[in-house]
Amino acid sequence: MQSPWIRFGGAAVGTVIFLNLVLKPKTFRTVMIGLGVGLTIGSTITYINSLRHHSLTAKYVPIGITGPQANFHEIQPQIYNHLSQEYEERGELELGEEHITVKPNVFAQIGVLDIGGVRTMWTKEIVPSIKNSIQKELLAASNTSDTNVESEIVFCDIGSGVGNICLQVLAETNCKKTVGVEIIPSRHKAAQTAFANAQKMFPSIYRGKNALWVEKDLVQCASTLKKEGVNVLFSHSWMFDDDLMRQFTKVITEVPSIACVITSRKLDNHLLQSTPLKLHSLAHFSADWNDKAPFYVYTRSSS
């Protein structure tokens, strides 16, 4: 069987001879010059693309995250290797914890933002909100970079589960402290273990970072949030009933440092009137249950 290159060469020569026979000499020269230029340019582009494909190493950078160049997709499986498949299949509950889920103010549903959703929430909503909130102080210090804004954030996740959102924030941003509030004991313990694993396995990423885990009913955590200086509050609250949303809003009114709240159910407008927080927008983040999960974003102005 003939080589493809031989067949290609034969076809090319045949085409040239055919064009020479049917075209006038001047037209033939013009066509050949065009073919030559096209061949040269095409070959050059192909060569350059080949160099790019084989010689340049792709570098991962989390989109929009201004902090340390960490990829939580790689970190998460390692720091959560202590969680069994059976535990996850039970909805992150140990045997015997089922009774806790029917207590007042407890909605132990599983549903979290995925890694991309957390990044979108952070870059599109949280950082701009805090930047606006502390604008005067930052301008006075002549330092308004996103990196420095992130370092001012104390992030809290109400219903933090096994702590994955808090630990992603610490890994991929310059936020130095997070607070996770969770009432299910095994989830609280799993979060503590995950953070200990993170500090051991990824010391350069988690050095100087602090994750505080609070095992408490959310309606009882106002004093803790106030003490820790929480200024960003997140909650996947879509299963909270109206009464719990009122209590949740009351907690927020008792923590004056809060400058941004992101929640999947609206806060109580009447109670919120005593604070500078106002409904800013309805945002959508990717989650494990919905590619465009809706969340209400409340912010305050710097005035």
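**Salt bridges and the buried interior**

Guide: A search of the whole structure finds seven salt bridges, a salt bridge being a side-chain nitrogen of Lys or Arg within 4 Å of a carboxyl oxygen of Asp or Glu. The model is predicted, so local features need pLDDT of at least 70 and side-chain atom pairs count only at pLDDT 80 or more, while totals for chains, interfaces and linings use all residues. Residues are numbered from 1 along each chain as its sequence is written, and side-chain values use heavy atoms, with hydrogens and water left out.

Visitor: Which residue does Glu228 meet in a salt bridge?

Guide: Glu228 meets Lys177, with 3.0 Å from N to O. Glu228 lies in helix α11 (residues 222-228) and Lys177 in strand β2 (residues 177-181), so the pair ties together parts that are 51 residues apart in sequence. Helices (H or I, at least four residues) and strands (E, at least two) are DSSP runs, numbered from the N terminus.

Visitor: Are Glu228 and Lys177 buried or exposed?

Guide: Both Glu228 and Lys177 are buried. Buried means under 20% relative accessible area, exposed over 50%, and partly exposed in between (1.4 Å probe, protein chains only).

Visitor: And what about Lys250, which residue is its partner?

Guide: Lys250 forms a salt bridge with Glu254, and their closest N and O atoms are 2.6 Å apart. Lys250 is partly exposed, at 45% relative accessibility, and Glu254 is also partly exposed, at 34%.

Visitor: Changing topic: which residues touch the most other members of the largest nonpolar core?

Guide: They are Phe155, Leu167 and Tyr206, in a core of 48 residues. Helix α5 (residues 115-133) gives the largest share of this core, seven residues. A nonpolar core is a set of buried Ala, Val, Leu, Ile, Met, Phe, Trp, Tyr and Cys residues joined through side-chain atoms within 4.5 Å.

Visitor: What does Phe155 touch?

Guide: Leaving out residues up to four places away in sequence, Phe155 touches several residues, including Trp122, Ile165, Val169, Lys177 and Phe234. Contact means heavy atoms within 4.5 Å.

Visitor: How many residues of helix α8 are buried?

Guide: Nine of the nine residues of helix α8 (residues 164-172) are buried, so this helix is largely enclosed by the rest of the structure. Among them are Asn164, Gln168 and Glu172, as well as Leu167.

Visitor: Finally, which residues do ring pairs link into a cluster?

Guide: Phe234, Phe285 and Phe295 form that cluster. Rings of Phe, Tyr and Trp (its six-membered ring) pair if their centres lie within 6.5 Å.

Technical notes: Rings of Phe, Tyr and Trp (its six-membered ring) pair if their centres lie within 6.5 Å; planes under 30 degrees apart count as stacked, over 60 as edge-to-face and the rest as tilted.
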